[in-house]
Amino acid sequence: MGASIFFSFITLFSLLTILQAVRALPLSTSSRWIVDEGGKRVKLSCVNWANHLEPVVAEGLNKQPLDAISKKIVSLGFNCVRLTWPLYLATNDTLASLTVRQSFQSLGLTDAISGVERNNPKIIDLSLIEALQAVVKNLGDNNVMVILDNHISKPGWCCSDIDGNGFFNDQYFNPDLWIQGLTRIASLFNGVSNVIGISLRNELRGPGSNVDDWYTYMQKGAEAVHKANPKVLVFLSGLKSDKNLSFLRKRPLKLSFSGKVVFEIHWYAFSDGVAWQSRYPNLVCSIVVNNLMKQAGFLLNEGWPLIVTEFGVDQRGTNLNDNRYLDCFLATASKLDLDWAVWTLVGSYYLREGVVEMEEFYGILNKDWNGHLRDDDGVKTVKLFVKQNTVKGWRSCSPDYTMMLKSAKIFF
């Protein structure tokens, strides 16, 4: 049921995406909304695509041609990709100049080399930074917007509180180097129209986290990006792995520019342990949503855009905790009319945590990236579901949750 509802959500918003396929870039903000040059709202319906692991190559290029992947993204209804990148790609010239082939060779990924040679022969001998540019360009050729997300510093899987990448001045997180990297990426993609935003840093976390340093460095990062590329939106994450922005209630962010700032949060079932499967779901949803509003959702009422840049579930549909959470997420996202980015497009990784060809069960595509969704029966159900609900408009995937949300008084 969970996976079926999930693809109902995606397909429904694909209809909205089609309606706004023609948009005037660049984007800016107007109160809580992201808008185009004409002031019309642009709803970001995004999917995450990882490019930050050890190979520093967009995942899946060994499985399918780049253009086929981009077209699959469009066919699924997404208008945007949150494309991740590691800081060292922009600050370590030796790493950036490695070719895709050399990167795979250094990791012993001979099968990945063969796959990219077969599916993307024009990419295999590009440098890693050129390969990133090629992915962005192809997405643009397919009318897909891109948010470039600085996901981590040292290439690898994210995230842990003790991985050295979590907060400013951690082992691999030098703030000055970070500013330098953000500036280089913002400059590199200045003039690339489908790059509509740069996310300063993914999931700030760890024992060193503190509010004062957040203001010091996030303000510097935002100013650096805007100076290098004033057309892009600047996405700012909060503390506690991107779940807490509550400190902004009493201490507003001070920047020299306006109309370009978007705040981002992450929301997964596992953020609340196993509460969804062990307690009454409506009660859990009420508690979680009220906490969400206190931690970040209040920004909407204060006139700031807020996007959920990561949410997702086990696409096999067998995780009860995920399935119950998803009902609540969809009801909340639709009622608050949130922009969002699902984790993840990726069906498998070249190399993740020492495992070659690790399958990603949160991935929309399967292990071979051949375009087959994991829950094919759910996709068939989707079309009927959307047809029945489009005329009346999107309300909720769960009447019970809708009643709960009304009682929580979080509507506008």
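This is a predicted model: local features need pLDDT of at least 70, side-chain atom pairs count only at pLDDT 80 or more; totals for chains, interfaces and linings use all residues.

Colleague: Which residue of β10 is the bridge partner of I307?

Modeller: The partner of I307 is D339.

Colleague: What arrangement do the strands from β3 to β10 form?

Modeller: They make a closed barrel of eight strands with parallel pairing, in the order β3-β4-β5-β6-β7-β8-β9-β10. On average, neighbouring strands of this sheet are turned by 25° against each other, direction ignored.

Colleague: Let us turn to the charged side chains. What is the general idea?

Modeller: Side chains of opposite charge can pair when their charged atoms come close. The cut-off applied is 4 Å between a side-chain nitrogen of Lys or Arg and a carboxyl oxygen of Asp or Glu. By this rule the model has 17 salt bridges.

Colleague: Which side chain does D339 meet in a salt bridge?

Modeller: D339 meets R41, with an N to O distance of 2.7 Å. The two residues are 298 positions apart: D339 belongs to strand β10 (residues 339–342), whereas R41 sits in the loop between β2 (33–35) and β3 (45–49). Both also belong to a network of salt bridges that links R41, K43, D337 and D339.

Colleague: Why does D339 count as buried, and why does R41 count as partly exposed?

Modeller: Buried means under 20% relative accessible area, and partly exposed lies between that value and 50%. D339 counts as buried because its relative accessibility is 7%. R41 counts as partly exposed because its relative accessibility is 26%.

Colleague: Which side chain does E310 meet in a salt bridge?

Modeller: E310 meets R82, at 3.0 Å from N to O. Because E310 lies in strand β9 (residues 306–311) and R82 in strand β4 (residues 80–86), this pair ties together parts that are 228 residues apart in sequence.

Colleague: Are E310 and R82 buried or exposed?

Modeller: E310 and R82 are both buried.

Colleague: Where do the partners R205 and D163 lie?

Modeller: Their side chains meet in a salt bridge of 2.8 Å, N to O. R205 is in the loop between β6 (195–199) and α9 (211–228), and D163 is in the loop between β5 (145–152) and α8 (175–188), with 42 residues separating the two in the chain. R205 is buried, because its relative accessible area is 2%.

Notes. Residues are numbered from 1 along each chain as its sequence is written. Side-chain values use heavy atoms; hydrogens and water are left out. Helices (H or I, at least four residues) and strands (E, at least two) are DSSP runs, numbered from the N terminus. Buried means under 20% relative accessible area, exposed over 50%, partly exposed in between (1.4 Å probe, protein chains only). Two strands pair if DSSP finds at least two bridges between them. Axes are lines fitted to C-alpha atoms, for helices over the stretch in contact, and angles run from 0 to 180 degrees between N-to-C directions.
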